[in-house]
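Hello,

Here is the structure I promised to pass on to you. Please open it next to this email, and my notes on what was found follow just below.

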Amino acid sequence: MIRLTSERTTLAAFAAVVLLGGGNGVSVRFSDHELAPFWGATLRFAIAAAILLAVVLVARLSLPRGRALVGSVLYGVFAFAGAFGLIYWGLVETPAGVGQIILALVPLLTLLLAVAQGLERFRWRGIAGALIALAGIVIVFGGRAGTTVPILSALAVVGAAACMAESNVVAKSFPKSHPVATNAVAMATGAAILLAITLLTGERMVAPTRPETWLALGYVSIVGSVIVFSLFLYVIARWPASMSSYVMLMMPLVTVAVSAVLDHEVVSIAYLIGGGLVLAGVYIGAFTQALAPTAQPPAPMVATPGCA
């Protein structure tokens with residue numbers, strides 16, 4: 001009964017990450033209308049880090065120490081500075097369709113990196129599920145990809161996918177601390193690096209003036225960062241990194257649905273067919289293992305003795 005309840009809780013957290021994280025793409029698009037890319041990413045994670053640090057102080061949570069601190073900093077370098085810095089910059093000139101197709105490689109890259117670093121065993125089911133879901137993403141977004149993509153922008157999104165995949169591996173490779181404390185350190189690290197890049201690139205550091213920009217920034221900082229990434233660390237503590245990374249394949253489907261409501265975007269037949277393939281691939285690659293009776297017991301998300 002405890003095992004079943006734990007899996008249901010993890011599945012609920014996974015679903016929440018997908019649903020809430022799916023609004024990030026729309027929010028970032030509204031934010032980019034007024035804010036420069038690196039500066040917009042800096043504001044996002046600086047606000048999120050400040051909120052998380054306040055929660056740590058009020059709740060008297062222990063910040064990670066020792067190897068857990070190293071892991072939190074590396075997670076911030078790869079996930080927030082690396083992945084999101086490259087995403088914000090690369091998507092300025094890369095069509096959204098191309099970006100979504102490239103980022104759909106994250107589960108496949110996560111599995112390969114996890115195997116290469118001795119964290120997971122090679123699984124043909126994982127490869128099959130990732131490729132099926134990738135085919136679905138290509139169907140959904142292929143028609144929007146366009147034909148002319150600056151090579152540096154496309155490579156930036158590829159780099160973002162690789163950074164995101166490695167951040168998943170890092171999250172599993174180091175001792176665990178409370179997810180709020182881990183994200184507080186990681187997002188503060190990411191915000192500091194992104195601020196340095198903002199200064200080096202000479203982007204204008206201005207506060208938003210439009211109400212829709214503030215709303216978008218508020219959503220992507222509080223819901224899309226504080227809540228989503230805390231829930232994601234909860235999931236990845238209980239599932240293998242490659243399985244957890246399938247959120248990246250399902251988020252775009254939610255983004256299209258949200259855009260259909262807010263931006264009057266048409267939901268096409270390609271979306272329905274491709275979305276079905278994505279769901280099938282995620283089920284094959286992630287859920288069949290997560291629900292298998294022989295799966296390993298979940299690791300508790302508590303501070304380790306070395307992180308007190």
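Let me start at one residue: T110 has a relative accessible area of 0%, so T110 is buried. (Buried means under 20% relative accessible area, exposed means over 50%, and partly exposed lies in between, with a 1.4 Å probe and protein chains only.) T110 is part of helix α6, which covers residues 106-116. Helices here are DSSP runs of H or I with at least four residues, strands are runs of E with at least two, and both are numbered from the N terminus.

Before going further, please note that this is a predicted model, in which local features need pLDDT of at least 70 and side-chain atom pairs count only at pLDDT 80 or more, while totals for chains, interfaces and linings use all residues. Residues are numbered from 1 along each chain as its sequence is written, and side-chain values use heavy atoms, with hydrogens and water left out.

Back to T110. Leaving aside residues up to four places away in sequence, T110 touches A165, N168, V169, A241, S242 and S245; contact means heavy atoms within 4.5 Å.

The chain as a whole

The chain holds 13 helices and 0 strands. Of its 308 residues, 51% are buried. Take the contacts between residues at least 6 apart in sequence: 91% of them join residues at least 24 apart. The chain exposes about 13600 Å², and carbon and sulfur atoms supply 73% of that area. Accessible areas come from the Shrake-Rupley method with a 1.4 Å probe, and for residues only the protein chains shown count as cover.

The inside

Which residues have the most contacts inside the largest nonpolar core? They are F14, Y75, F80, F84, M187, V247 and L249, in a core of 71 residues. A nonpolar core is a set of buried Ala, Val, Leu, Ile, Met, Phe, Trp, Tyr and Cys residues joined through side-chain atoms within 4.5 Å.

S225 lies in helix α10, residues 211-236, and counts as buried because its relative accessibility is 0%. The side chain of S225 makes a polar contact with the side chain of R44 at 2.8 Å. For a polar contact, a pair of N or O atoms must be within 3.5 Å; within protein, one must be able to donate a hydrogen and the other to accept it, and residues adjacent in sequence count only if both atoms are side-chain atoms. With residues up to four places away in sequence set aside, S225 touches R44, F45, A48, M187, V220 and S230.

Loops

S177 is in the loop between α8 and α9. With a relative accessible area of 3%, S177 is buried, and its side chain makes a polar contact with the side chain of T182 at 2.6 Å. S177 and R65 are 112 residues apart in sequence and 8.7 Å apart in space, C-alpha to C-alpha.

T94 is found in the loop between α4 and α5 (96-103). Is T94 buried or exposed? T94 is buried, since its relative accessible area is 4%.

R60 sits in the loop between α3 (37-59) and α4 (66-90). R60 counts as exposed because its relative accessibility is 76%. R60 also has a positive phi of about 55°, although R60 is not a glycine.

The surface

W89, I151, L152, L155 and V158 make a nonpolar surface patch of about 500 Å². Patches are made of residues with over 30% relative accessible area and no salt bridge, joining like charges within 9 Å and nonpolar side chains (Val, Leu, Ile, Met, Phe, Trp, Tyr) within 5 Å. A salt bridge is a side-chain nitrogen of Lys or Arg within 4 Å of a carboxyl oxygen of Asp or Glu. Helix α8, residues 151-173, gives the largest share of the patch, 4 residues. V158 has its place in helix α8, and at 40% relative accessibility V158 counts as partly exposed.

Best wishes
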